[in-house]
Amino acid sequence: MLDAAHYAVSEPLRDGGSVEIRALRPEDEAGMLAAVERTSAESLHRRFFVAKRHFSEAEHAFFMNPDFKEHVALVAIATEHDRPIIIGGGRYVVFEPGRAELAFAVVDEWQGHGVGTLLMRHLAKIARDAGLEELVAEVLPENAAMLRVFGKFGFKPASRRDPQTVHLVLQLT
């Protein structure tokens, strides 16, 4: 079984660069906040479905403290100006036995490089290894890039809980 809390792999990007996909760590807090600052209001809206720039203490604690059993969080790290920076993140949260909801965000200047696809691939691998049966995602209809990423992995539209979003499901078993 994979040790999700210590997960780390190096992956090539479409443009020939590379990123490290690894488990979120407590020391990533400043890097995560910097990534949020570098992400446009539009991209944050596509991730959170509301205008979002700052987080409450409870939200902050939730996002920075995954347990790597019911809540798995990965970050994508690239090198800019000879130093590592967080350029994206993805996570799943188990909401009932065998089922988890998935979400991603990628810093705007790194969108279109395959970062979301890499995060999806590794989260799906961890979810399968953990015995999850289904991943679900809620996506705004105008978020064509994320709809393409989920489509590549075989997510299928399912009945909607909210008419303002596209509800997608991936069977892992």
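**Aromatic pairs, sheet and core in a predicted model**

Phenylalanine 63 counts as buried, its relative accessibility being 17%; buried means under 20% relative accessible area, exposed over 50%, and partly exposed in between (1.4 Å probe, protein chains only). The structure is a predicted model, in which local features need pLDDT of at least 70 and side-chain atom pairs count only at pLDDT 80 or more, while totals for chains, interfaces and linings use all residues. Residues are numbered from 1 along each chain as its sequence is written, and side-chain values use heavy atoms, with hydrogens and water left out.

The confidence of the predictor in each residue is given as pLDDT, from 0 to 100. The chain has an average pLDDT of 88, and 91% of the residues score at least 70. Helices (H or I, at least four residues) and strands (E, at least two) are DSSP runs, numbered from the N terminus. Among the elements of the chain, the lowest mean pLDDT, 66, belongs to helix H2 (residues 41–48), and the highest, 97, to E2.

Aromatic pairs were considered next. A pair of aromatic rings is described by the distance of the centres and the angle of the planes. Rings of Phe, Tyr and Trp (its six-membered ring) pair if their centres lie within 6.5 Å; planes under 30 degrees apart count as stacked, over 60 as edge-to-face and the rest as tilted. Three aromatic pairs are counted by this rule. The ring centres of phenylalanine 62 and phenylalanine 63 are 5.3 Å apart and the planes stand at 70°, so this pair is edge-to-face. Phenylalanine 62 is partly exposed, with a relative accessible area of 38%. Phenylalanine 104 and phenylalanine 150 form a tilted pair, with 5.8 Å from centre to centre and 50° between the planes. This pair links distant parts of the chain, since phenylalanine 104 is in strand E5 (residues 99–106) and phenylalanine 150 is in helix H5 (residues 144–152), 46 residues apart. Phenylalanine 104 and phenylalanine 150 are both buried. Ring pairs join Phe104, Phe150 and Phe155 into a cluster.

The sheet is described by its strand order. Strands of a sheet pair through backbone hydrogen bonds, either parallel or antiparallel. Two strands pair if DSSP finds at least two bridges between them. An open sheet with mixed pairing is formed by eight strands, in the order E1-E2-E3-E4-E5-E6-E8-E7. At the edges stand strand E1 (8–12) and strand E7 (156–157), each with a single partner strand, so one side of each has no neighbour in the sheet. Strand E2 (residues 18–23) pairs with strand E3 (residues 71–80) in the antiparallel sense over four bridges, and isoleucine 21 has alanine 76 in E3 as its bridge partner. Strand E6 (residues 134–139) and E8 run antiparallel and are joined by six bridges; leucine 135 has leucine 170 in E8 as its bridge partner. E7 and E8 are also paired in the antiparallel sense, over two bridges, with proline 157 opposite leucine 168 in E8. Strand E8 (residues 166–171) is mostly covered, as five of its six residues are buried.

Helix H4 (residues 115–129) has 15 residues, which at 1.5 Å a residue should span 21 Å; the end C-alpha atoms are 21 Å apart, in agreement. The expected span is 1.5 Å times one less than the number of residues. H4 is mostly covered, with 11 of its 15 residues buried, including Thr117, Met120, His122 and Leu123. Just after H4, glycine 131 takes a positive phi of about 85°.

A nonpolar core is a set of buried Ala, Val, Leu, Ile, Met, Phe, Trp, Tyr and Cys residues joined through side-chain atoms within 4.5 Å. The largest such core has 49 residues, of which Tyr92, Leu102, Met120, Leu135, Phe150 and Phe155 touch the most other members. H4 gives the most to this core, with eight residues. Contact means heavy atoms within 4.5 Å. Not counting residues up to four places away in sequence, the residues touched by leucine 102 include Tyr92, Met120, Leu135, Phe150 and Phe155.

Two loop residues remain. Most residues other than glycine have a negative phi, and most peptide bonds are trans. Phenylalanine 68 is not a glycine, yet has a positive phi of about 60°. Phenylalanine 68 lies in the loop between helix H3 (57–64) and E3 and counts as buried at 14% relative accessibility. Histidine 81, also not a glycine, has a positive phi of about 55°. Histidine 81 is placed in the loop between E3 and strand E4 (83–96) and is exposed, with a relative accessible area of 78%.
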